[in-house]
Amino acid sequence: MKKFSFIDFFAKAVATIISPFYQMFKRVQKKKRTYHYDLALKSRRISNMSKMKDFAQTHWKIGAGVLASLVLIGILSMSFNGMLSASPVAGEVAAVSTTGVPTAASSDGETAAATMTPYQQKIVDDVKLYMQASLPGFAITVNNNEIAFFKSSDDAYVVLNTLKANFKETDKIYTNVYYKEVVDVVPTAKALAVRSKYDSSEESLYYITKGTDEQKIHEVKKGENFWVIASYYNVGVADLIKANPDVVPERLQIGQQISLIVPKPLITVATVEMATYEEPIPFDIEYEDNADMYKGEFKTKVAGTNGQRMVDAEIYHENGIEVGRLVLDEEILSDPGIKVVYRGTKDPPPRKGTGVLAKPTSRGVVTSEFGWRWGRRHNGIDIGVAIGTDVKAADGGVVIFSGTKGGYGKCVMIDHGANIVTLYAHNSKLYVQKGDKVFKGQLIAASGNTGVSTGPHLHFEVQKNGTPVNPRNYLKF
Ligand SMILES: [Zn+2]
């Protein structure tokens with residue numbers, strides 16, 4: 001006796017309406033969201049407001065759905081009560097599932113029966129039946145937790161095999177590929193109210209590799225880099241790099257999609273690769289004492305050369321990241337050549353003034369003397385030298401200035417004691433810092449053409465009690 005049953009029809013309709021909303025409660029995080037922001041709206045308060053707005057936009061459907069269901073149930077109850085109370089129509093309970101379906105409607109409606117018509121009772125029972133009905137399938141379990149749900153065990157193994165294949169390269173030899181967790185495929189069943197569909201292989205691969213099914217995407221805007229994006233979302237730049245292994249941070253394109261999900265894989269695929277490759281053998285360094293050089297000075301006598309070896313090794317990866325390697329065998333192709341370095345043993349001269357100044361450069365002639373020229377006073381002497389010529393301390397002392405000083409350009413000043421200070425101007429490079437103690441003849445700078453200068457030269461100045469005096473009174477050129 002197979003009659004069309006209104007009751008079945010409406011019961012299923014109600015259950016069908018309720019079920020997806022129930023699922024939305026359970027799996028609301030499935031929502032895909034794209035995050036946009038305007039740099040002008042960076043304040044925390046506005047950001048919180050937009051988060052609330054975002055939440056409301058995501059969840060209003062659930063509220064509206066539940067409300068609609070309640071209203072519908074109310075209308076159905078009232079209309080059945082009025083229209084059909086006197087004419088019972090027996091409907092057949094449609095089998096919703098092949099497993100776990102109770103054969104009889106539940107009979108715990110005793111108290112409710114007093115106030116409900118048989119037809120209302122039937123609706124309630126059918127809805128209950130629908131809620132209890134289940135979907136048979138197979139789950140992938142990780143350490144006994146179900147993480148994905150499929151129609152057949154084959155579907156589950158396809159996902160697992162794809163996962164393994166993702167971490168293998170075709171031209172390499174693997175002696176072992178395994179999971180670090182306990183991974184199984186087990187038969188199971190899900191209540192229809194909880195799951196009405198199976199996972200696709202795409203969804204489950206995303207879930208397994210990211211540790212979440214949430215997708216947060218940021219679209220790159222003009223002028224943005226990883227640092228800007230990371231600080232906006234309050235994540236680390238390193239995490240952002242981890243979340244986007246295929247993105248080159250230096251080459252972001254406007255409109256490019258950046259994932260904000262830092263992966264926390266649920267399954268770790270470990271591989272053992274057998275490899276044979278050549279690699280350099282680094283050279284050792286040997287020191288040879290040299291009494292002609294000052295302590296702290298080094299000079300290469302013989303340049304080192306790397307050797308070469310062929311190795312058989314096991315290389316271990318976890319989810320594509322190398323975690324170690326073990327050399328099983330090696331064949332030396334060429335030995336490394338030792339690098340020999342002279343090491344100075346002579347005590348450096350005292351790092352204080354001797355009272356006698358030496359020339360600051362070993363070459364060069366004086367191109368401009370101390371004193372009045374072209375109506376202006378020249379506070380030092382100019383020594384014509386090519387850019388990059390060694391500039392040496394005229395006497396031992398303490399560096400009291402090293403940096404850029406107005407028209408002097410890159411400049412060093414040394415206090416030699418006894419109120420004598422020397423100044424070296426227009427350099428291209430400075431080798432000492434303020435506070436350094438230097439000895440007479442120590443390299444302090446490379447000459448240049450910085451500051452107000454009419455060509456490459458060293459401007460050398462001697463100051464006594466803060467006043468420039470003629471350097472020629474202190475040294476011979
Ligand atoms: Zn000068």
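## Close-up views of a predicted model

**View 1. Asn 144 sits in the loop between β2 and β3.** Helices (DSSP runs of H or I, at least four residues) and strands (runs of E, at least two) are numbered from the N terminus. The model is predicted: local features need pLDDT of at least 70, side-chain atom pairs count only at pLDDT 80 or more, and totals for chains, interfaces and linings use all residues. Residue numbers start from 1 along each chain as its sequence is written. Asn 144 counts as exposed because it has 9 C-beta neighbours inside 10 Å; the cut-offs are 12 or fewer other C-beta atoms within 10 Å for exposed, 20 or more for buried, and partly exposed in between, with C-beta atoms placed from the backbone. Phi of Asn 144 is near 70°, a positive value in a residue other than glycine. Most residues other than glycine have a negative phi. From Asn 144 to Val 183 the C-alpha to C-alpha distance is 7.8 Å, although 39 residues separate them in sequence.

**View 2. Strand β2 pairs with both β3 and β5.** Strands pair if DSSP finds at least two bridges between them. β2 (residues 134-142) runs antiparallel to β5 (residues 183-191), and 9 bridges join the two strands. Leu 135 stands opposite Lys 190 in β5. With β3 (residues 145-150), β2 pairs over 5 bridges, again in the antiparallel sense, and Val 142 stands opposite Asn 145. β2 and β3 make a hairpin with 2 residues between them, and Asn 143 in this turn has a positive phi of about 50°.

**View 3. Helices α5 and α6 cross at roughly 50°.** The axes of α5 (residues 153-166) and α6 (residues 201-210) come within 10 Å. Axes are lines fitted to C-alpha atoms, for helices over the stretch in contact, and angles run from 0 to 180 degrees between N-to-C directions. The two helices are therefore oblique to each other, the term for angles that are not under 35 degrees (roughly parallel), over 145 (roughly antiparallel) or 65 to 115 (roughly perpendicular). The crossing of α5 and α6 is right-handed: the near helix is turned clockwise from the far one by less than a right angle. On α5 the contact is made by Asp 155, Val 158, Val 159, Thr 162 and Leu 163, and on α6 by Ser 201, Ser 204, Leu 205 and Ile 208. Residues are in contact if their C-beta atoms, placed from the backbone, lie within 7 Å.

**View 4. Four strands form an open sheet in the order β4-β8-β11-β12.** The pairing in this sheet is antiparallel. Its edge strands, β4 (173-179) and β12 (321-334), each pair on one side only. On average, neighbouring strands are turned by 25° against each other, direction ignored. β4 pairs with β8 (residues 269-281) over 6 bridges, and Tyr 178 stands opposite Ala 270 in β8.

**View 5. An open sheet of 3 strands has the order β9-β13-β10.** The pairing here is mixed. β9 (285-294) and β10 (298-302) are the edge strands, and each pairs on one side only. From one strand to the next the twist averages 35°. β10 runs antiparallel to β13 (residues 339-346), joined to it by 4 bridges, with Thr 300 opposite Val 341.

**View 6. The largest nonpolar core has 22 residues.** A nonpolar core is a set of buried Ala, Val, Leu, Ile, Met, Phe, Trp, Tyr and Cys residues joined through C-beta atoms within 7 Å. Cys 411, Val 412, Tyr 424, Ile 444, Ala 445 and Leu 458 touch the most other members. At least two core residues come from each of β17 (381-384), β20 (410-415), β21 (420-427), β24 (443-446) and β25 (458-464). The largest share, 4 residues, is that of β20. Leaving aside neighbours within four places in sequence, Ala 445 is in contact with Val 391, Val 412, Tyr 424, Asn 427, Lys 429, Leu 430 and Tyr 431. Another core, of 14 residues, lies apart from this one and includes Ala 139, Leu 160, Ile 208 and Leu 266.

**View 7. Asn 465 lies in the loop between β25 and β26 (467-469).** Asn 465 counts as exposed because it has 9 C-beta neighbours inside 10 Å. Its phi is near 50°, a positive value in a residue other than glycine.

Definitions and conventions: Two residues are in contact if their C-beta atoms, placed from the backbone, lie within 7 Å.
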